[in-house]
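Visitor: Please take me through one part of this model closely. I would like the helix geometry and packing, with the cut-offs spelled out.

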Amino acid sequence: MSFTRYLSFTPQEALLILITMFWGGTFLAVQYAMTVSDPFFFVGLRFATAALVVGLFSIKSLSGLTLLEFKAGVVIGISIAIGYSLQTWGLQTIPSSKSAFITAMYVPLVPLLQWICLGRMPGLMSWIGVILAFFGLLMLAGPEGTRLTLGAGEIITLIGAVAIAAEIILISMFAGRVDIKRVTVVQLATASAVAFAAMIPAEESIPPLSSQLIIVALGLGIFSAIIQVTMNWAQRSVSPTRATVIYTGEPVWAGIFGRMAGERLPVLALVGAALIVLGVLVSELKLKRKGHKNTVTPENG
């Protein structure tokens, strides 16, 4: 692949870049929403909207829902609820840019979680990616980014990243055996129900339904549905390697939007953020064996 080819983009890739840019801005939007709502109610409302939107476009196929698809949707939805609820919870105490970079840890965590749960040993590049991302996390952590410790907000967000990594593994386990539209509706509805149910032990109450809360929650819900459809369409012609490179820009865009909003990460934290991005890229790539060209391809499983 030539350098010029790598800098050129197809319409599908350009759309993914645009989606990634806006997706990076959602961290700041969610952080704003935490000033008018508690995390579990907001996540429940956000995914209820997404489930409704996807359901309206998939209503004809929902009648064919199988027991396997229902089970897949439920377990994936639980992972989504845990991941996004903890991410949203963490945004109450840490900057949106820091949250985005920590959340990006889910990419190198996937092969590590597969090894722990499924016994699939990660490849060399996966291990390098995990190590780079781990040291990047330490540098990014700390209340002022000047000491290598994890605060409560960072730990909560990291646990959320682990849940998102579990979501990716569960999706791959059921892929090819289920209808994507039907499972997506079930998983979004489940995520909403679990988040709403979590309000009880968390002792959350329904906040005043202000215009700010409704606009952000419904807007992100609709956007979540749009991005899912867009990614499924675009990635039919975009290679996993190219898609990974594009998606790595999500925390970078979150950092840019955060800085525009007044967030200022210390130098040590910026170095850590760069290491996490590098770890994400490295963990998704591997060198072909001797006899092939020295290129990188997405790592399987």
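Guide: The expected span of a helix is 1.5 Å times one less than its number of residues. Helices here are DSSP runs of H or I with at least four residues, strands are runs of E with at least two, and both are numbered from the N terminus. The model is predicted, so local features need pLDDT of at least 70 and side-chain atom pairs count only at pLDDT 80 or more, while totals for chains, interfaces and linings use all residues. Residues are numbered from 1 along each chain as its sequence is written, and side-chain values use heavy atoms, with hydrogens and water left out.

Start with helix H13, residues 267-283. Its 17 residues reach 24 Å from first C-alpha to last, close to the 24 Å expected. Buried means under 20% relative accessible area, exposed over 50%, and partly exposed in between (1.4 Å probe, protein chains only). Buried residues in H13 include Ala269, Gly272, Ala273, Ile276, Val277 and Val280. An α-helix has 3.6 residues a turn, so residues three or four places apart point the same way.

Now helix H3, residues 39-57. Its 19 residues span 28 Å, close to the expected 27 Å. H3 is mostly covered, with 15 of its 19 residues buried. Its partner is helix H4, residues 67-90. The two axes come within 9 Å and cross at roughly 130 degrees. (Axes are lines fitted to C-alpha atoms, for helices over the stretch in contact; angles run from 0 to 180 degrees between N-to-C directions.) That makes H3 oblique to H4. Under 35 degrees would count as roughly parallel, over 145 as roughly antiparallel, 65 to 115 as roughly perpendicular, and the rest as oblique. On the H3 side, the residues that meet H4 include Phe40, Val43 and Phe47. On the H4 side, those that meet H3 include Ile80, Tyr84 and Trp89. Contact means heavy atoms within 4.5 Å.

Aromatic rings come next. The whole structure holds 7 aromatic pairs. Rings of Phe, Tyr and Trp (its six-membered ring) pair if their centres lie within 6.5 Å; planes under 30 degrees apart are stacked, over 60 edge-to-face, the rest tilted. Trp23 and Phe223 are stacked, at 5.5 Å centre to centre and 25 degrees between the planes. Trp23 lies in helix H2 and Phe223 in helix H10, so the pair ties together parts 200 residues apart in sequence. Both Trp23 and Phe223 are buried. Phe134 and Phe135 form an edge-to-face pair, at 5.7 Å and 70 degrees. Phe134 is partly exposed at 43% relative accessibility, and Phe135 is partly exposed at 46%.
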